[in-house]
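Opening my notebook on this one. I'll start with the whole chain and then look up a handful of residues.

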Amino acid sequence: DVRTTFMVRNIPNKYTQEMLIAELNDTHKGKYDFLYLRIDFTNKCNVGYAFINFVDISAVISFAESRVGRKWACFNSDKICELSYADVQGYPTLVEKFRTSSIMRERPEYRPKVFFTSGPMRGMEAPFPCSLAKK
């Protein structure tokens with residue numbers, strides 16, 4: 001199986017995208033190139049899941065081994081991390097789906113994020129591509 005895009009479920013609702021990125025970076029910095037934490041704009045909290053695209057299968061396996069079935073670090077929540085395949089697969093498809101989405105007009109902390117996966121900026125946020133030709 002070569003799928004690399006997943007839904008991470010049971011994220012405590014108080015997590016912000018910044019908090020989720022910080023927790024993911026503890027073990028997987030530079031090992032994912034896309035992250036989107038869905039937000040309920042009315043309540044200004046996440047809805048309990050995020051989409052993540054890992055750079056390769058080994059990153060998926062190490063994430064599953066280190067996170068799945070375990071509680072989240074913040075807020076003393078009883079929620080247990082779960083992982084399932086996303087319907088939309090791969091960085092180019094995710095970028096295409098979101099680049100013209102209305103979510104891109106929301107506050108920056110609510111928008112999908114893309115990340116550098118190599119070089120000196122590995123793991124840092126990258127500009128969201130205007131088209132698929134740019135990564």
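**Entry 1: the overall layout**

I'm working from a predicted model here, not an experiment. I began at the N terminus and read off the order of elements in the protein chain: β-α-β-β-α-β-α-β-β. That comes to three helices and six strands. Next I checked the radius of gyration, which is 14 Å, close to the 14 Å that the globule rule gives for 135 residues, so the chain is as compact as a globular protein of that length. I also looked up the extent of the C-alpha trace, and along its principal axes it spans about 40 × 35 × 30 Å.

**Entry 2: inside, surface and charges**

How much of the protein chain is buried? I found that buried residues make up 39% of the 135 residues. The accessible surface comes to about 7,500 Å², and carbon and sulfur atoms own 53% of that. Then I looked at contacts with a separation of 6 or more: 65% of them join residues 24 or more positions apart. For charges, I noted 20 positive and 15 negative side chains. The centres of those two sets lie 3 Å apart.

**Entry 3: glutamate 23**

I picked glutamate 23 next and found it in helix α1, which covers residues 17-28. Is glutamate 23 buried or exposed? Its relative accessible area is 8%, and the cut-off for buried is under 20%, so glutamate 23 counts as buried. I listed what glutamate 23 touches, skipping residues up to four places away in sequence: Tyr15, Arg67, Trp72, Ala73 and Cys74. One detail I wrote down is that the glutamate 23 side chain reaches the backbone nitrogen of alanine 73 at 3.5 Å. I also took a distance to proline 108, which is 85 residues away from glutamate 23 in sequence and 19 Å away in space, C-alpha to C-alpha.

**Entry 4: arginine 67**

Arginine 67 lies in helix α2. With 13% relative accessibility, arginine 67 counts as buried. Leaving out residues up to four places away in sequence, arginine 67 touches Glu23, Leu24, Asp26, Thr27 and Cys81. Which side chain does the side chain of arginine 67 make a polar contact with? I found threonine 27, at 3.3 Å. The C-alpha atoms of arginine 67 and threonine 27 are 9.4 Å apart, and the two residues are 40 apart in sequence.

**Entry 5: aspartate 33**

I moved on to strand β2, where aspartate 33 sits. Aspartate 33 counts as buried at 3% relative accessibility. Its side chain makes a polar contact with the side chain of asparagine 53, at 2.8 Å.

Where is lysine 44? I found it in the loop between β2 (32-40) and β3 (45-54). Lysine 44 isn't a glycine, but its phi is positive, about 55°. It counts as exposed, with 56% relative accessibility.

Phenylalanine 75 also has a positive phi without being a glycine, and its value is about 70°. I placed phenylalanine 75 in the loop between α2 (57-67) and β4 (82-85). At 42% relative accessibility, phenylalanine 75 counts as partly exposed.

**Entry 6: threonine 100**

My last stop was threonine 100, in the loop between α3 (91-99) and β5 (113-115). Is threonine 100 buried or exposed? I got 57% relative accessibility, and exposed means over 50%, so threonine 100 counts as exposed.

Notes. Residues numbered from 1 in each chain as written. Predicted model: local features only at pLDDT ≥ 70, side-chain atom pairs only at ≥ 80, totals over all residues. Heavy atoms only, no water. Helix = DSSP H or I, 4+ residues; strand = E, 2+ residues; numbered from the N terminus. Rg over C-alpha atoms; globule rule 2.2 N^0.38 Å. Buried < 20%, exposed > 50% of the residue type's maximum accessible area, 1.4 Å probe, protein only. Contact = heavy atoms within 4.5 Å. Areas by Shrake-Rupley, 256 points an atom, 1.4 Å probe, with all protein chains shown as cover. Lys, Arg positive; Asp, Glu negative; His and termini not counted. Charge placed at Lys NZ, Arg CZ, Asp CG, Glu CD. Polar contact = N/O pair within 3.5 Å; in protein donor to acceptor, adjacent residues only side chain to side chain.
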